[in-house]
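Please have the sequence and the structure in view as I go.

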Amino acid sequence: MRQSKNNFRHESLQDTKTIQEILKSITKGIAKGKLTFSDEDGEMVMEPEGLLNLKVTATQDEARHRLNIRVTWQAEEKVKQKKPLSVS
């Protein structure tokens, strides 16, 4: 896992059954509106809502096959509070 302030990354070798379970967890998290990613190095919580953008790409080379699934959304901006303004 690589983590910075707003970034979580985990890479490991898994069997197909484990990957299926991870993908199921992601779909359940999207349905609930809360995704929690964690490993021994840290944790990140995301709250998907509204319309989500889905991008799926697949490539095949001779010995290497790749599937990328990307889901993105715009986080709701925090409501700006009314603050007094003084101009002189």
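Before I name any element, a word on terms: when I say strand, I mean a DSSP run of E of at least two residues, and the strands, like the helices, are numbered from the N terminus. In that sense Asn53 is found in strand E5, which covers residues 53-60. Please also keep in mind throughout that what we are looking at is a predicted model.

Let me stay with Asn53 for a moment. Leaving aside residues up to four places away in sequence, Asn53 touches Arg70, Val71 and Thr72. For Asn53 and Arg70, which are 17 residues apart along the chain, the C-alpha atoms are separated by 8.0 Å.

Stepping back to the whole chain, there are one helix and six strands, and when they are read along the sequence the pattern is β-β-α-β-β-β-β. Of the 88 residues in the protein chain, 7% are buried. The chain exposes about 8,800 Å², and carbon and sulfur atoms supply 50% of that area. As for contacts between residues at least 6 apart in sequence, 30% of them join residues that are at least 24 apart.

The helix, H1, runs over residues 16-32, and its 17 residues reach 24 Å from the first C-alpha to the last, which is close to the 24 Å expected at 1.5 Å a residue. Gly33 follows H1, and the phi of Gly33 is positive, near 85°.

What is the volume of the largest pocket? The value comes out at about 2,000 Å³. There are 34 residues lining this largest pocket, and those closest to its centre are His10, Leu23, Ile26, Phe37 and Ile69. Which elements each supply at least two residues of that lining? They are strand E2 (7-9), H1, strand E3 (35-39), strand E4 (42-46) and strand E6 (65-72). Sorted by class, the lining of the largest pocket has 15 nonpolar, 13 polar and six charged residues.

Ile26 and Phe37 are eleven residues apart in sequence, and their C-alpha atoms are 9.3 Å apart in space.

From C-alpha to C-alpha, Asp41 and His10 are 9.6 Å apart in space, while in sequence they are 31 residues apart. Asp41 is itself partly exposed, with a relative accessible area of 48%.

Finally, the second largest pocket has a volume of about 160 Å³. Its lining consists of Gly33, Met46, Glu47, Pro48, Glu49, Trp73, Ala75 and Glu76, so that we return here to Gly33, the glycine that follows H1. By class, the lining of this second largest pocket has four nonpolar, one polar and three charged residues.

Methods
Residues numbered from 1 in each chain as written. Predicted model: local features only at pLDDT ≥ 70, side-chain atom pairs only at ≥ 80, totals over all residues. Heavy atoms only, no water. Helix = DSSP H or I, 4+ residues; strand = E, 2+ residues; numbered from the N terminus. Expected span 1.5 Å × (residues − 1). 1 Å grid on protein atoms, 1.4 Å probe; cavity = no way out; pocket = protein on both sides within 12 Å on 5 of 7 lines; lining within 4 Å. Points joined across faces, edges and corners; volume = space filled by probe spheres on them. Nonpolar A, V, L, I, M, F, W, Y, C, P; charged D, E, K, R; others polar. Buried < 20%, exposed > 50% of the residue type's maximum accessible area, 1.4 Å probe, protein only. Contact = heavy atoms within 4.5 Å. Areas by Shrake-Rupley, 256 points an atom, 1.4 Å probe, with all protein chains shown as cover.
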